[in-house]
Structure formats: structure tokens, C-alpha cells
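Open the model in your viewer and keep the selection tool at hand.

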Amino acid sequence: MLLAAVHCCRLPPSLSLPLLSPSVRTWLILTFEGRLQKGKRLSKIWEDPAFIKWRKRNAHVPLRSHDTVEGSLRYWYDRSKVDFLNSNLATWDDDAVSGALESAAFWVKGLPFVTSLSGHWKFVLAPSPESVPVSFYDIDFDDSDWQALPVPSNWQMHGFDRPIYTNVVYPFPINPPYVPSDNPTGCYRKNFRIPTEWKGRRILLHFEAVDSAFFVWVNGVLIGYSQDSRLPAEFEITDCCYPCDSSKENILAVQVLRWSDGSYLEDQDHWWLSGIHRDVLLLSKPQVFITDYFFKSTLDTNLVTADVQVEVKLDILNNFEDATLSRLTMEATLYDNAGWHACGNNEGKVDLSSYDALHLNLRSPSIGSDGFHCYIFEGTLERPKLWSSENPNLYTLVLILKDASGDVLDCESCQIGIRQISKAPKQMLVNGLPVVIRGVNRHEHHPRTGKTNLEACMIKDLVLMKQNNINAVRNSHYPQHPRWYELCDLFGLYMIDEANIETHGFDLSSKFKHPTLEPSWATSMLDRVISMVERDKNHACIIAWSLGNESGYGPNHSAMAGWIREKDPSRLLHYEGGGSMTSSTDIVCPMYMRVWDILKIAKDPSENRPLILCEYSHAMGNSSGNIHKYWEAIDRTFGLQGGFIWDWVDQGLLKMDSDGQKHWAYGGDFGDTPNDLNFCLNGLTWPDRTPHPALHEVKYVYQPIEVVLTENTVKITNAQFFDTTQAIEFSWHLLGDGCSLGCGILDLPIILPQESYNIELESSPWHSLWKTCSAREIFLTITGTLRHPTRWAKDGHVLASTQLSLSTKDDSIPHVIRSINNTNLISEHVGDTVTVRKQNWQIKINTQTGTIESWKVGDCSLINQGILPCLWRAPTDNDKGGGPSSYFCRWKDALLDNLIFVTDACSIKELSNNMVQVKTVYLGVPKDQNSLLKSKSSDHESENLSHALCRVDVDYCIHESGDVIIDYNIKPKDDLPPLPRVGVVFHIEKSLDHVMWYGRGPFECYPDRKEGAHVGIYGSSVRDLHVPYIAPVECSGRADVRWVAFQNSNGFGLYASIYGTSTPMQMSASFYGTAELETATHNHYLVERDDIEVHLDHKHMGVGGDDSWSPSVHDEYLVHPVPCSFSIRLCPIYPSTSSHDIYKSQISQ
């Protein structure tokens, strides 16, 4: 274990006396001596929740240690020059390792008294604390045989130990506060020098975050101990370092334990990864320096005047003379960032300090209750530029500490926004308005670097969020990298900042209570909340503090809530635990509550708080169905104010298989036990931030422009709260049966926030086109795009787009098949095959199966397997959710997963010289009962039917034109569970891999996730239709398809459409069959078929998404086992054929 006891208990006077009072020093030494085992080793202090830190400086805001005012302003100016172009630099593969080091260096660029220790450190991993190399922290220790490990990083991402993914269960037996003796322990060593420019200054060693607990030595002397894997630990090391002019290099040694008692508070639903995963900094400060400050602003009732206050704390050594201290002066100034951006390309010539907006006045300094010297500055800012998600206006606060001569001793700064968060009955207000939270939960996750952040990757997240109308983020479930907050301030994203507390696994224990109920854990829990607030308190983006996640509820939560409310009453408090409605939350914040239940709370007159879903719409795999139902309720119901989708990114980790192929791995892929498999794949994006199809639906329901069709008008509403539509260009596009009829720019007046404008249909620019069009269906699309580039998107970016159905011709209009010429069909019977042909095509029908077994046009093969009924789909993750009550289990219990369709009867009849009719009766039976049915004679028809789960009557009509009309009459047993689908499946030639369809698209969509998919004519390759969910499921569907065409490179192919009065169908086409999608565990294991599997569904069950652990498809999107009928038209396509013309030709004129 640790062999640093001697150093710990025999602190040299030069180290301890300037920093610790004699009484404190004596207490510490006695405390540590009492923890010695046999006089040599420290006891396991990482198994004591009351001992969470030693010699760690108090939490505070990030320090920059500028040398001049101009330097501080230039620093922020340079860091604010980020936009959507920076996101193009995001990398997600091995290049990210060096990218992380480059980011760490960039974040301290321009800070003369801050240096990053990022780089490659010496590293060795021991299996336990007891087995670390003896005295590895000593100056003379030989580390030449140690390996190099980049810092920051998680060591599991570099071949040491293994990642572990769990959702609820702890990865070790619950026995608090004890952790396993098998406790991988990383030992780090790094050499560094103190710059000569830092001579005579104090030196601080700052760890941004280390997982999970660590000890640190400098030059063989134990400096301190800390835990909390997501917040900084800072130590003063001034007296331990060699002088600046010394020829000796300082030796920094760190011992990191994978498990500690702190791990019991860190049971979040993500990967367990260890190490120094954020940057390590050296900071230099003068003998007296600014150590913390808190910016506060209060707006008057008209929001035109802001009263500003800044509380500043100084760190002063005990031996610093009061007379000298009294001659120090302080200044505080606000600078308006808006002026910086107006300087354009002359940035290097402009005096940034000329944009000062307010010089604050100093109140008399005082001694704070914690012993620090405090200063309070005050001032009034007239007509401030307010911060909001829509208008993220920022100021730069600069604080200066000067000596008696007026020279700058210390300078600190930060970005601040002036805005007001307040409460009203059933509302949370931002600057007096009830903004709607269109949010998402975000874990820190990178597929290659794990928990280590990169600048461009964080920008990529923000750009994608803003481009998809997301205006809020919940930091799930811990404080995140400091730069993330700066970027959210800049880009404009409301934030819930969440404490690093989750004890979900205690729900599974009958022996131990949640730590919130135990006094022994109070200090540790409160410290995590305090440290979060103290670090992040100056960020405008934070609108609420969260006490953590899924940690039960008890006295410790009440204590944390009380501390925050006293410290920072300017923000709201959030906590879901204990039922989401305890006294420790200002927001009713349930997770995964159904629409009808949130409506009940909103309408409850006794509940005066707003309801904001902290988690909803679980985006696991092919999911996010029903989300529009939530937004129909939120948009229409007072008291509902939005929510945060779970979650942003699939937490897949990059892994190389034995064959050298890289793929995204999930729980269990690293041999990690226990694990929760692919439950970490809940994102709206893949690990490389490629959007899932569901993100299009999110963008639609979150869009800030609402368009509604009334009887005589199109109503356009600006749903924004602060911005007018001045920056938005509106356009219209009219489609008739999928074809463009006309388009143009809409000349609209500027629409104020929360106001509307009505366009009269009769005076609209599309009216004459609409009224004179003969198309069966006419759709009008209203689109709003950005007139000018913004930080997060280029000009022309689509902000909102809504499609309206103007009219549909009467469905009673008969469908017809038009004769091409008078040439008769030729019908030949040979054995079990009937061949129907004409000059340029032939169809073969198997009389035993009663279906088309092949179809050729010239030398081109179209269909090579029979067209059969289909009720099954590859189960989605949501289908499997709910244990025995899940759809999947109910389907299996009903034997639907084992269903095959056998031919019960078949007859073929030539109705005329130009039509052949095939009538077939199929029985859907479980495979193991097929042989039983075959043994029955035709005299036992009623008994055969009793074994069948479904009867399907099929009527094929083959016309001389090459058209095949197929009528289906499906009668499932009424005691079956809701069905996955009702439709047909067939296989076409692999070369017919270009798909064109008239329906919703262009992206994947399903019956309960299609609001954002417009109806139109789209094209794609079969390969591109496939949606590569990491864990394969039912995918690639397109909803409300009227017709679809499959063609080869020469233009030959197959056309399919709805026919008669049939409603639009669900279509999918894939090189991967349903059976393979169901059995493959990873997308990269899928092997392409030699043909294309096509599904045309009359009905398809929704994908659900309210959650993934209970049946969640809403009733209107279930396929109930009731009789239904539908018709499909098939016909060959030639190079000269237009699919649109084929579709129109079947409509009687």
C-alpha cells in the first residue's frame, strides 16, 4: 500500500508551518499516526466516508492568473472565436489521443502564470494499493521500465485494466464503505520545472479531475489526498518545489485508486473508467492573491437596469503584514464583449479594454467568516444586454489587485451574463418569461478517449444541439469539464448543473440504506454539492443546481438543498429523487412519466411548481416514438415547461477485434462483469456524433416556428421568447403527388416573440397553383432558414420546416389497370409451376406454395423468392423492455417468433385472354406444428384452422400489362397480443439496389416517429437505407409510402404501390434479413445477403420510447389482432418508365 507514512507524519517545517497553524498541524499528524498499521503503513483511508480530502484547498472558481488587464481581455477574445467551423476538427479515432493533449495545451494558452502538465507521464498499474512499487514517489526511484501514458486519459482506454459498464448494479459487492481488495491502482510520475519568471511566487498544483481517489507527492513529500471523480483538487506546493534557478527537476508522483468509498456515490449509468482524465495544471500566484469571487446581478421589474455585485476573496499568508495589506487596492470592471466582435479583421489593432461598460465601486473590505479577506463591489448597469439561450450576450468581468505603487499584483477574469431566473405560479422564468426547456441529457463521452474531453468535440456537441433546436442540457450526472460551461455560455444553452452523486445500486440492497439516510455520509455528499457550486457559480448558462441523480431521499439531501438556497438563491433547485416533488426541489422533475400523468400534475391546483421532465423519451436504438405526444401536451398545457431527452450520445467505446476490425463496443465486450450490455446505447447520435434518424424528429418537435393550417389561413407563430423573426427567411414549396408545383420566398412582416401572423389562403402565392392542380395529394411546406451565419450554423440553415396537407382527392375514385395492347397472355403449366408470360416478361407461380417464385423482365431477374405474409419484425430494445410483460415476451409466448405461413389451398384460373387469377389461402402456424398440419387431410380443415394463429386469403390478378394486383385479407386470432406488423415480405435481385419512393423521408421513420419526415419523392441506395444501430434491431423503415421502385443500374426494376382504398404502407428494404437483424449482437457482424429483403406493411407497430423497460407504444400505434384487408400493385419498370407516371396511370381520370 502507501509507504508514505513517514513523509505524512513527519512533515518538514518548511512545508507545513507556512500553510498550517500549529494546532491544525498537530491534529493532522496525530490523526495520521492513529491510522498507521504497525508504524509503517497508512490504513485504508479511502474506505472512510468522513475522510474525503487532506490539505486540499477550498473549492473556488477557475483561476487564470493574468498579468495584465489587456492580457485577460485578449485571452477571452481568443477563446470566444469559436463557431460551427471548429466542429469540423472533431476527431473520434486514435487521433483523438493527441488531440486531447493539444486541447489541454490550448486551454492555458495566453496565461503566463499557468502551465499544463499534460503529456506523456510514466505509468505502471498495480493490482491493488498494497502491491504498488515500494517508494515509487521517491526522487531517486528508477522508473525507466515504466510505460508512457498520456495525461489526461483513462488508463482503460490505453490497454490497462478494462472498462466496465453498469447501469444500476455496482461493479463490486455492496458493503459500504469498503471496496474490493482487488483494487487496480495506477502509479504516475512526471518531471517538471518551475519557470524562472515565477520566482518568489506561490505555486499551486491543480488537478481538474481524477477518478476515483488519489494521493499526490512532490519530491517525495506527501502533499495531499482527494476524492470526487468529477471536480478539481488543488494543493499548494510552494515549499516542496526546487527553486526556479535550481538545476534539479521536480518529481510529481500520483497514486490513483480505481475504487474508494467515493465510488458508492458515483453509481451513474455510464462506463466506469479510471485515472487522471482531465488536465493537471501548475499555477503561480503572488503572496496575496484573488482566490475566489462571486458575480451577482439583479434586474429591475422592467429589465432595463441591473444592480451588479461581486464578492471577492483574497488568500493571504498568515505572516503577511497588515500594514502592507492595507495599502493594497482592488478594482472590478465589466467589459462588453459585443464591441469585440464588431472590430472584424482589425482585431490585432483594437484596444479591447476600450469596451468597458461598468466600473464597479468598492465597499469597505472585511474579514469573512471563513477567515479570508473579502471585498464587495457594486454598481448599476443601464440597459444591459441580457443573456438567454436565444441571445447569449456576455460581458467580461476583470478583477485587479494592485500594490501600493499601483502595479498589478494579480488579475482574474471570467465571462458573465446578466439574466434573471425566477419563479411564478407553475412557471420558471428567464428574464421574466416562461421559456420552454427543449433539452437533452449529456454524459461526457468520447469513443476513443473515454471521459477525456477535446475542444472540437465539445463544440461539435453544441453545434449539433443548436442546429437541432435543443436549447438546454442537463449535465448527467456530474459536473463536467470547465470549458463545457464556457462554451454553453457562448453558444447559448440553458443548463442544469448536477452534483456527482448517484447511489442507484442501493435500490437493490435490502441490507444497506441509501447514504442520504446515513449521517456518516453527510460530509461527503455536502462537499460534492459545495464544490460544484463554488466552481461553477459565475456561469450564466446555469439556471438550476441539481443535488444529483437517483440517490433516494433523506436528511442529507435536505442539508444540501439548504446550503445551496442560502449560498445562491438566484437559481432554482432540482432533484428527482424521492418522487420528484420533495421540498428539496423547486421543479417537479419526474423521469419517464407518461403524458397523461404529467397532465394530471399540471392541472393539480395544489401543485404550484413547474413540471420539467428531467429525463424522457429514452432514445435506445430505434426509439423516440411518441415524442410528439409529449409536445402536444407541453405546448397546450400551462404548467408543463419541457424536458430533457435521455440522452445525447451512444456510449460505445472504440474496440479492436482479434481480426483487426474496429467497432463500437458496449457492456460485456471487454469481458467486464457484471455488465448491462447495450443499455449504454441510448443516444440521439452515434459515438462519433453522426445523428440517429430520431434526431430529425427531435428537431421538428423542438422547432421554434409553429405553422398551423386552419380553414382559410396558414398561421405562423414565432415560439421564441426573445427573438423576432427578423433573422429568418420564410419560403414555401407546393408538391402535387410528390412533384414540385412551385416554390418561392414568403414576404412576411417581422413577427414578434410569441406572436403570430396569418396568411389568407386565397391571397397566398400558391393559391392558383393549388386550385388548378389535378394531383390527388397536395402538400404545402413552409420553411424558415437563417438569413445570416451564426456561431452555430451557416446562413441557409433550416431552422424550422412544417408540411401541411392542403387537399386529398376522394378515395372513392376507382383504380384501373390500363391495357397496353391486345396481345394475349401466354400461360403454361409444367409440374408444380405455372408460367405466365408476354413478349418481354414472365412470372413463375409455384402451385404448391401459391406464390410468385420468380419474375423476369427480359434478362433481368426481379423476384427470386415468393411473396409471403409477414407478422414478425426484428425486436427493438423497446420491444424487449418489461420482462414477462414486454411485447417481445408476449410475442414469444404466442409463438409469433416461430411463425411460418403454409399453403392451405391454391387455385389458378384464366379469367380472360389478358388476366390470370391465383387464389391462395395461407395459414400462419408455429414451425413445430407445420408437420402436424401436413399430415392432416383436407377433411380436417377445421382442425387445421384451430392450430393456425392467422389465416390469410390472397388473390393475385396478373394483367397483360405486366401489372400484378394482390389483394390480402388477413384474419389473426383475436387472443394474440399486439402484432409487430401486418404485411408482406419478398426478396428481389441484389442488383436492384437503387430505391425511389413516394412517402415520408428521406430518413428512417415509423408510425409513431414521423412528424418531422415530410412526404415527397426520395431516392437512396439499399445500403444507405440501412441504419447501423450498434446493436442491430428492426430498422430502415419509411412511413406512409404510396409507391416504391427498385431499379438496377440499367433502369430495369420492380414497382410496388398501394392500390384501391389501401392506406399508405410502411416500407423497408435491406441486404440484411429480419432473422439476421434479430440474432446479430453488433452491426459489424451483419453479413449482406445475396438478395434484398423487402417489407411492405399495411400496418406496422410503433417503436415506442417513453422508456425502454416497459411496454411503451401508445395504443393508437399498436397493431391489434383484428381482421384487415389491403391491396398492393406490382409491375415491372423499364429504363423509359417513370414511377410517377405508373402511379398516376392507376387513378381513373
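Two strands count as paired if DSSP finds at least two bridges between them. Helices (H or I, at least four residues) and strands (E, at least two) are DSSP runs, numbered from the N terminus. This is a predicted model, in which local features need pLDDT of at least 70 and side-chain atom pairs count only at pLDDT 80 or more, while totals for chains, interfaces and linings use all residues. Residues are numbered from 1 along each chain as its sequence is written, and side-chain values use heavy atoms, with hydrogens and water left out.

Select residues 826-830 and 833-838. These are β43 and β44, which pair in the antiparallel sense over five bridges. Glu 828 sits opposite Thr 835 of β44. Two residues lie between the strands of this hairpin, and Gly 831 in the turn has a positive phi of about 60°.

To find a bridge here, pick Val 836, whose partner in β45 is Ile 843.

**Step back: the whole chain**

Zoom out to see 22 helices and 60 strands in the protein chain. Its radius of gyration is 34 Å, close to the 32 Å that the globule rule gives for 1149 residues, so the chain is as compact as a globular protein of that length. The radius is taken over C-alpha atoms, and the rule is 2.2 Å times the number of residues to the power 0.38. Along its principal axes the C-alpha trace spans about 115 × 70 × 55 Å.

Of the 1149 residues, 62% are buried, where buried means under 20% relative accessible area (1.4 Å probe, protein chains only).

**Second stop: helix α8**

Select residues 455-467 and pick Asp 461 within this helix. Is Asp 461 buried or exposed? It is buried, with a relative accessible area of 0%. Show the residues it touches (heavy atoms within 4.5 Å): not counting residues up to four places away in sequence, they are Arg 442, Trp 484, Trp 648 and Arg 689. Trp 648 is 187 residues along the chain from Asp 461, yet their C-alpha atoms are separated by 8.7 Å.

Leaving aside neighbours within four places in sequence, the contacts of Glu 455 include Val 82, Phe 106, Trp 107 and Arg 483.

Select residues 694-701. Six of the eight residues in α14 are buried, among them Glu 697 and Lys 699.

Most residues other than glycine have a negative phi, and most peptide bonds are trans. For an exception, go to Val 151 and Pro 152, joined by a cis peptide bond with omega of about 10°. Pro 152 is in the loop between β6 and β7. Another cis bond joins Gly 1001 and Pro 1002, with omega of about 0°; Pro 1002 lies in the loop between β53 and β54.

Then pick Asp 228, which is not a glycine but has a positive phi of about 105°. Asp 228 lies in the loop between β11 and β12 and counts as buried at 4% relative accessibility. Finish at Asp 1040, with a positive phi of about 55°. Asp 1040 lies in strand β55 and is buried, with a relative accessible area of 17%.

Technical notes. Buried < 20%, exposed > 50% of the residue type's maximum accessible area, 1.4 Å probe, protein only.
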